[in-house]
Amino acid sequence: MTFRALLLAGAAGFAALASAGVALAQSAPADRPDDAYDLGELVVTARDRDGQIVGGAVIRSDDMRRFDKASVDQALDLIPGAAAGSSGGSRNERLVFIRGFDRFQTTLSIDGVRVFLPADNRIDFARFLTADLSQVQVSKGYVSVLDGPGGMGGAINLVTRRPSRPFEGELRVGAGFDADGGINSHTVSGRIGGATDRFYAQISGALSDRDHWSLPDDFKPTTLEDGDERELSATEDWRINLKAGFTPNATDEYSLTYTRQEGSKNAPYHVTDTASTRYWSWPYWNIDSLAFLSRTQLGQDAWLKTRLYRNTFENLLSSFDNAAQTSQTQRRAFNSYYEDEAYGGNIELGLRISPNDTLRAAVFYRRDEHVEWQQSFAPTPFIEPPHTTTEDTWSIAVENTHAFGEAVDLIVGVSWDYRDLQRAEDFNDNKFVYHPLTDDSALNAQAMLVWRPDVDSQVYASVSSRTRFPTLFERFSSRFGTAIPNPDITAERALNFEIGGRRRIASGLQVEGAIFYADIQDALIQIPVDLGPPFGVTNQTRNAGSGANYGFEAAITGQASPTLRLGANYTWLRRDFDVPGDPAYRATGAPEHKLFAWADWDVTPRLTVTPSLEATSDRWTYRSVAPVGYYKADSVILAHLSGQFALTPRIDLIGGVRNLLDETYVLTDGFPEEGRNFRLDLRMRF
């Protein structure tokens, strides 16, 4: 039976069980976590009566723990409309897709402070741990203009924890195991803090040290990969977050927060592409952020929110002569250094201008300074002088919410984004190169209508036209001599339409769904360019692509019995793209069908068992070895099992197994995924 037939059969059973009153879906919980850091949340003006994001999702910390989702890319697989993936290639980074939009077309923030890498914004989502997070906020399609530029297809915000009691803390230690029982990793996370009526302070952190991960037993060895332990799969990541705040009254809050995150990793090879193997590693991949966040009530009907920050990004990419990574003497060897700094902030002023109208205005500013240089070893050892690129980004936004009585809200927003390149240096052929200082601007507009016919129902419709500016890499990189720079490319745009709703059918039973369509114009695509003899065909990034992402999401969740909770969600996604000069082009990475189903069974008052199932259809990928070209990677169904046993009211033993059936599968050509693996954690709360 084909994967599509399986999904259709599942959908039929889904409807039948729903009509029988049994819950089958994963839905974003309506209530917020008690330890959520309010100041660090995204600007969300479209909320229902429970405070839940309309058209979006919130992944709570207990869900990430319950389903053993250690990093952000894994956590996003819990919700409809989102899917994890892999970049493959020499970088082999973990990706996320929000309704088909990739990491360049969505934004990532920590406590509302944007994580942006100005050179290429190649964010590896596996570097962001979940252990010390309160929640992950996800906006899909409709992202408030008040959040600043970007957000063309979605926004992801990692919200840290905030203490709410005079003294509280948590410590969690754990280990990961291969299928044969050998230890492959260890983790530590924790937090300690406290809060009074006027002050709070907390320190939290997480560490993950992974020696390797292992391939499934039936993986067939190749010249580059002999199976068992995946070559060069070691990673190490840690994060620390310090937070202090002042709450002088019931409405105002002032907070200073510092986050430091460090990582190092290797990159496993394509298992068959011997011609393109690069011996790359990242000795460090570090970011930090110092931020001041505040909310001040200005009389009865006005308030002011501020977010000021300074961010840094430090990165070293090392290329070696050999797989052992012990020699750097050939032309292929180098050390590439990035040192980036950003500072800026955003200010939001809110005003209730009438009993039915709430007006918000925001100004966003960010200055990015990217500094890079390279150390080469052949034919003559040489270290480039550092070269700098500086760019300012502005956004001015206004949004109004009008209430038509108790049941209907209309939210209308508009913003103007501006990018101003101040300095653009490069270093080629032993001399500085100065790129043209171009600028760009874009107008964004959106509207959402929300109708609540009763306390158990909600229907909404939205339209949002948002843009995304190109990165420095897209404008100026020659991609190791395989591309022509194009400093004149401009923002790409998506016009997002969505209709959705949610309904509580019975006590403990909720269904929800959405239909979405995104019209994409001026998409930034690498297209072939024929330069004629002797150069031949090369590539250049241009605003040449157009297409559409469209589909629907469905979810249902509820209580089947006093001890059993069931849930599932399903996403159907199509991505149609037209690229001039490349009729074979396919949008890669995101599956057409995705199903996630789970059960949460309280076996005893102290023991909870949670089996889950992740099923994805085939997805387009690109084969770099003969026969070269696009093809569809196989569909896969993965079974997982986790459980939690309360040793005492404050001490839990948490265990789990992922890829229970030891399935062999790939998300991108040549890069097989992890086989069966186990985890065991001890969690102590005080």
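Gln325 counts as buried, since its relative accessibility is 18%, where buried means under 20% relative accessible area, exposed over 50% and partly exposed in between, as found with a 1.4 Å probe and protein chains only. The phi angle of Gln325 is near 55 degrees, a positive value in a residue other than glycine, and the residue is found in the loop between β14 (302–320) and β15 (334–354). Here and below, helices (H or I, at least four residues) and strands (E, at least two) are DSSP runs, numbered from the N terminus.

The structure is a predicted model, in which local features need pLDDT of at least 70 and side-chain atom pairs count only at pLDDT 80 or more, while totals for chains, interfaces and linings use all residues. Residues are numbered from 1 along each chain as its sequence is written, and side-chain values use heavy atoms, with hydrogens and water left out.

**Backbone geometry**

Most residues other than glycine have a negative phi, and most peptide bonds are trans. Asp228, which is not a glycine, has a positive phi of about 60 degrees and is found in the loop between β10 (199–210) and β11 (235–246). The peptide bond from Ala378 to Pro379 is cis, with omega near 0 degrees, and Pro379 is found in the loop between β16 and β17 (382–383). Another cis peptide bond joins Ala626 and Pro627, with omega at about -5 degrees; Pro627 has its place in the loop between β30 (619–623) and β31 (629–633).

**Salt bridges**

Side chains of opposite charge can pair when their charged atoms come close. If a salt bridge is taken as a side-chain nitrogen of Lys or Arg within 4 Å of a carboxyl oxygen of Asp or Glu, the count comes to 44 salt bridges. The table gives some of these pairs.

| Glu93 | Arg103 | 2.9 Å |

Glu93 lies in the loop between β2 (82–86) and β3 (94–98), and its partner Arg103 lies in the loop between β3 and β4, 10 residues apart; both Glu93 and Arg103 are buried. Glu498 counts as buried because its relative accessibility is 4%, and Arg99 counts as buried at 5% relative accessibility.

Arg161 and Asp132 are 29 residues apart in sequence, and their C-alpha atoms are 7.0 Å apart in space.

**Cavities**

A cavity is a set of points, on a 1 Å grid over the protein atoms alone, where a 1.4 Å probe fits but cannot get out, and lining residues have an atom within 4 Å of a point. A search of the whole structure finds 13 cavities of 30 Å³ or more, and the second largest cavity has a volume of about 400 Å³, a volume being the space filled by probe spheres set on the points, which are joined across faces, edges and corners. Of the 26 residues that line the second largest cavity, Arg114, Phe116, Pro149, Thr393 and Phe469 are the closest to its centre. Elements that give two or more residues to this lining are β4 (106–110), β5 (113–115), β16 (357–376), β18 (387–404) and α4 (472–476). The lining divides into 10 nonpolar, nine polar and seven charged residues, where Ala, Val, Leu, Ile, Met, Phe, Trp, Tyr, Cys and Pro count as nonpolar, Asp, Glu, Lys and Arg as charged, and the others, Gly among them, as polar.

Definitions and conventions:
On a 1 Å grid over the protein atoms alone, a cavity is a set of points where a 1.4 Å probe fits but cannot get out, and a pocket is an open set with protein on both sides within 12 Å along at least five of seven lines; lining residues have an atom within 4 Å of a point.
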